[in-house]
Amino acid sequence: QVQLVESGGGLVQPGGSLRLSCAASESSVSDYDMGWYRQAPGEQRALVAVLTRGGTTNYADSVKGRFTISRDNTENSVSLQMNSLQPEDTAVYYCNAALIRAGVRLDDYWGQGTQVTVSS
């Protein structure tokens, strides 16, 4: 198992930046595909970015070129750098650790979420 705790959310003006962090314990982030998801009011939770064990990244079209996911094995954490934020980026952001072996998704772990609000 892995325990995940997010931090770094808050209120930012349009065009601004935020950096979200996800600290992991009980297990190493290098053992999982790590991702960030977000959920806006009235909408389903959606993938924002993923970083696989092998180092491959994938982003939602809406954040490509603006968001960057990275992993720090020393700190056992994953971060999401968010630039050029827009009001439509407002949501609760969740860190996810997916245990995938031989192409099979065996388990998912979630953080408690952190609120990001983009408003003037």
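What share of the contacts in the protein with a separation of 6 or more comes from residues 24 or more positions apart? Such residues account for 56% of them, a contact being heavy atoms within 4.5 Å. The model is predicted: local features need pLDDT of at least 70, side-chain atom pairs count only at pLDDT 80 or more, and totals for chains, interfaces and linings use all residues. Residues are numbered from 1 along each chain as its sequence is written, and side-chain values use heavy atoms, with hydrogens and water left out.

The protein has 11 strands and zero helices; these are DSSP runs numbered from the N terminus, with strands (E) of at least two residues and helices (H or I) of at least four. Of its 120 residues, 42% are buried, where buried means under 20% relative accessible area, exposed over 50% and partly exposed in between, with a 1.4 Å probe and protein chains only.

A search of the whole structure finds one disulfide, defined as a pair of cysteine sulfur atoms within 2.5 Å. Cys22 and Cys95 form this link, with their sulfur atoms 2.1 Å apart. Cys22 lies in strand β3 (residues 18-25) and Cys95 in strand β9 (residues 91-101), so the pair ties together parts 73 residues apart in sequence. The link is left-handed, with -80 degrees about the S-S bond, and both cysteines are buried.

Arg53 sits in the loop between β5 (46-51) and β6 (57-59). With 40% relative accessibility, Arg53 counts as partly exposed. Beyond its neighbours within four places in sequence, Arg53 is in contact with residues including Asp31, Asp33 and Arg71. The C-alpha atoms of Arg53 and Arg71 are separated by 9.9 Å.
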